[in-house]
Amino acid sequence: MPATPENVSGRFPAVLGIGVFDAVHIGHRKIVAEATVLAGKSGAIPVAVTFSPHPRSVVSGKPPAILVPEDVRMKRLLAAGASGVAVVRFTREVAELPAEEFLDRLAECELFETRGICVGSRWRFGKGGYGDSKILTRWCAKRGVSFCPVSEEMLDERIISSTEIRTAMACGEIDSARTMLGGNPMLFGEVVHGYAAGAREMNTPTANLDVRYGVIPPDGVYTAATTIFGKRYPVALDIGRAPTFRRNNSKSVVEAHIVGFSGDIYGHALELEIIRRLRDEKMFSSIDELKWQIAQDIAAATEDAKK
């Protein structure tokens with residue numbers, strides 16, 4: 001089932017850290033860390049096993065907002081300590097496998113010999129979500145495979161999960177999302193043409209982002225940062241309807257003023273790290289008042305990006 005892991009080749013002894021790993025938050029990294037420790041004790045290689053597409057998109061037909069692209073997920077898993085990443089292509093057939101059969105197929109993989117398994121203690125798998133730590137304990141004991149259920153990470157009595165991160169972002173709780181992620185929450189998308197009001201009226205051109213991954217927080221002005229051609233830039237980020245210029249616009253847009261950058265990036269992928277919320281959107285009584293406020297927003301973004 002899995003695709004070829006990165007950085008490894010041939011059939012090798014492996015300890016598997018298994019999960020969807022959307023965004024690779026601090027709970028996910030704990031699983032990978034435990035797999036790395038267990039692998040070191042058994043002379044094996046730690047491999048993160050993840051799924052694509054998101055299982056919920058197959059099981060329910062309603063995928064959640066995916067927090068990061070697949071290539072970013074791979075990089076983060078490797079950075080967390082995995083020596084390789086194996087991707088299970090999640091299909092209807094895989095979704096219908098009973099829990100034990102799913103584990104049997106994983107163990108039969110030609111890429112690695114399973115020496116150990118690490119999962120979140122509440123992780124469910126197999127048809128109907130029947131598989132749990134009890135089934136894994138029995139299955140591993142029968143095959144002489146080490147099993148390590150990893151306790152969940154908590155924040156304010158809540159279990160840290162991708163669902164909690166999505167909720168935090170949707171509610172504008174940037175600090176909570178950052179704590180759970182272990183880093184700034186991000187938006188990923190493509191730069192598209194917008195109204196050009198920022199460049200035309202304000203001399204502050206913006207990159208309009210068609211967001212493909214991540215959860216857009218509530219309307220408002222945020223400090224952010226982005227990296228273009230290897231250089232990190234501060235960003236004054238406006239999410240909303242720009243009421244001063246577009247009074248009849250009912251659709252929120254994501255506009256990033258990239259401080260200190262000039263160049264044509266239309267059609268390019270852009271990644272935004274959201275740092276904090278500055279203020280609500282508002283309608284200004286004059287262009288001069290708006291210009292003054294934008295200058296304050298840019299100053300705040302420049303300072304935040306240094307941290």
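A polar atom of the side chain of T226 lies 2.6 Å from the backbone oxygen of E271, a polar contact (a pair of N or O atoms within 3.5 Å; within protein, one must be able to donate a hydrogen and the other to accept it, and residues adjacent in sequence count only if both atoms are side-chain atoms). The model is predicted, with local features requiring pLDDT of at least 70 and side-chain atom pairs counted only at pLDDT 80 or more, while totals for chains, interfaces and linings use all residues. Residues are numbered from 1 along each chain as its sequence is written, and side-chain values use heavy atoms, with hydrogens and water left out.

T226 is found in strand 10 (residues 220-228); helices (H or I, at least four residues) and strands (E, at least two) are DSSP runs numbered from the N terminus. With a relative accessible area of 1%, T226 is buried, where buried means under 20% relative accessible area, exposed over 50% and partly exposed in between (1.4 Å probe, protein chains only). Neighbours within four places in sequence aside, the residues in contact with T226 are K231, R232, Y233, V235, I258, L270, E271 and L272, contact being defined as heavy atoms within 4.5 Å.

Helix 1 spans residues 26-42. Its 17 residues reach 25 Å from the first C-alpha to the last, close to the expected 24 Å, the expected span being 1.5 Å times one less than the number of residues. The buried residues of helix 1 are G27, H28, I31, V32, A35, L38 and A39. They lie on the same side of helix 1 because they cover an arc of only 145° around the axis, the arc being that of the directions from the helix axis to the C-beta atoms. The buried residues pack against strand 1 (12-18), strand 2 (45-52), helix 3 (70-79), strand 4 (112-120), strand 5 (146-150) and helix 7 (162-170). G40 and K41, on the other side of helix 1, are exposed. Helix 1 is followed by G43, which has a positive phi near 65°.

Most residues other than glycine have a negative phi, and most peptide bonds are trans. V24, in the loop between strand 1 and helix 1, has a positive phi near 55° and is buried at 0% relative accessibility. D156 also has a positive phi, near 55°, and lies in the loop between strand 6 (154-155) and strand 7 (158-159). D156 is exposed, its relative accessible area being 63%. The peptide bond joining S52 and P53 is cis, with omega about -5°; P53 lies in the loop between strand 2 and helix 2 (55-59).
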